[in-house]
Amino acid sequence: MEEIFCEGCGAEIQTEDKSKSGYVPKSALENEQIICQRCFRLKHYNEVQDVEYTDDDYLRMINQISDTNSLVVKIVDIFDFNGSFITGLQRLTGNNPIILIGNKVDLLPKSTNKNKLIQWMKKTASDYGLKVQDIFLVSAAKGQGFDKLEEEIEARRNEKDVYVVGCTNVGKSTFINQLIKRSSGIKDAITTSYFPGTTLGFIQIPLDRKSNMYDTPGVVNRKQLVHYVTDKDLKVITPKKEIKPKIYQLQDKQTLFFGGFARFDFEKGLKQSFVCYFSNQLMVHRTKLEHADDFYDKHVGDLLEPPSPKTLEQLPPLEKQSVKIPKEKTDIVIPGLGWITVPDGGITVSVHVPKGVQISLRPALI
């Protein structure tokens, strides 16, 4: 079959297989412009349709920003920074300035050192090759942190267009809805398709007579844990209220299970206190290291739930990652779940997470 690309968003589309998300309606083919299903629905019915783009489709769309003179607002999930980060974004957006937004700050413990978090985000973004103009911590759901952010966006865009980019499930639409609500009083404007789509396949929100804000489609990052879980399980592992830390005094050769999604082994060292920051609904179980494998095999999907049996069908197996603890108090971050604060070096620990999920270390935030 001949390859055909949408003239609106650039996604590859199929003209015969209606089961494909990119299937183009026959009526669209009869027009001069060849457009995909999502752009067709936006153009003719003002409906926002969730279509799963391939990585190449998404990169092709975002790359259009490099030809513009605009401001880019990149949103990440504070609880899944690595999983919700779009690598290569600097190359895709050209020389346009970028503001980095860490969403869901309201869920962090009040004792969190936010300056440390911002510095870590800046360094990690730099390690990914992304140079940011500034970093803001916000709660898109509650509007926290938006006063200063709005001033910064207005000052930096200087009447230019604004492109909001982010992976799926980072709260991008909630973020834009919050901005629109604060400026116009309109609630859930993006969710209800209040604004039309554009020939770029983006949703266009007027800012003034000369410029617009564009909501770009959310990219699917397969390294995000969220893509392996059911909606029911997602509600358990995703914090909804401020996280309450749980402290565990462990001897060496003891293990902590976080539901059945992750496992922390204290292999060697003197008795220590480990502080766990996860969703308040996620159960933590302690057992002996020597029994950990059998305990998991026997109880995953049951006592160690979530994951539910349905999630287990698609969840990659747990894979051990050894961790070298620095000489300072350190957070071991499990993307999509939370983190464990460990004391300074001199101990040996390891973490088991679903294959493909990469843990990271940072100076302790608390």
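This is a predicted model: local features need pLDDT of at least 70, side-chain atom pairs count only at pLDDT 80 or more; totals for chains, interfaces and linings use all residues.
## What lines the second largest pocket

Sorted by type, its lining divides into eleven nonpolar, eight polar and eight charged residues. The space inside comes to about 600 Å³. There are 27 lining residues, and the closest to the centre of the pocket are D77, K104, N169, T238 and P239.

Which helix gives the largest share of this lining? That would be helix α8, made up of residues 231–237, which supplies four residues.

## Rings that pair up

Now for the aromatic side chains. Searching the whole structure turns up twelve aromatic pairs. Take Y277 and W339: their ring centres are 4.9 Å apart and their planes meet at 20°, so this pair counts as stacked.

Where do the two partners sit? Y277 belongs to strand β12 (residues 272–277), while W339 belongs to strand β16 (residues 338–342), so the pair ties together parts that are 62 residues apart in sequence.

Are these two residues buried or exposed? Y277 has a relative accessible area of 4%, so it is buried. W339 is buried too, with a relative accessible area of 3%. The cut-off behind both calls is that buried means under 20% relative accessible area.

## A cluster, and charges over rings

Some rings gather in a group: F81, F85, W120 and Y128 form one aromatic cluster.

## A look at I118

Last stop: I118, which you'll find in helix α5 (residues 114–127). How accessible is I118? Its relative accessibility is 22%, so I118 counts as partly exposed.

Which residues does I118 touch, once you leave aside its neighbours within four places in sequence? The answer is I135 and L137. As for I101, it is 17 residues from I118 in sequence, and the two C-alpha atoms are 9.8 Å apart in space.

Terms used:
Residues are numbered from 1 along each chain as its sequence is written. Side-chain values use heavy atoms; hydrogens and water are left out. Rings of Phe, Tyr and Trp (its six-membered ring) pair if their centres lie within 6.5 Å; planes under 30 degrees apart count as stacked, over 60 as edge-to-face and the rest as tilted. Helices (H or I, at least four residues) and strands (E, at least two) are DSSP runs, numbered from the N terminus. Buried means under 20% relative accessible area, exposed over 50%, partly exposed in between (1.4 Å probe, protein chains only). On a 1 Å grid over the protein atoms alone, a cavity is a set of points where a 1.4 Å probe fits but cannot get out, and a pocket is an open set with protein on both sides within 12 Å along at least five of seven lines; lining residues have an atom within 4 Å of a point. Grid points are joined across faces, edges and corners, and a volume is the space filled by probe spheres set on the points. Ala, Val, Leu, Ile, Met, Phe, Trp, Tyr, Cys and Pro count as nonpolar, Asp, Glu, Lys and Arg as charged, and the others, Gly among them, as polar. Contact means heavy atoms within 4.5 Å.
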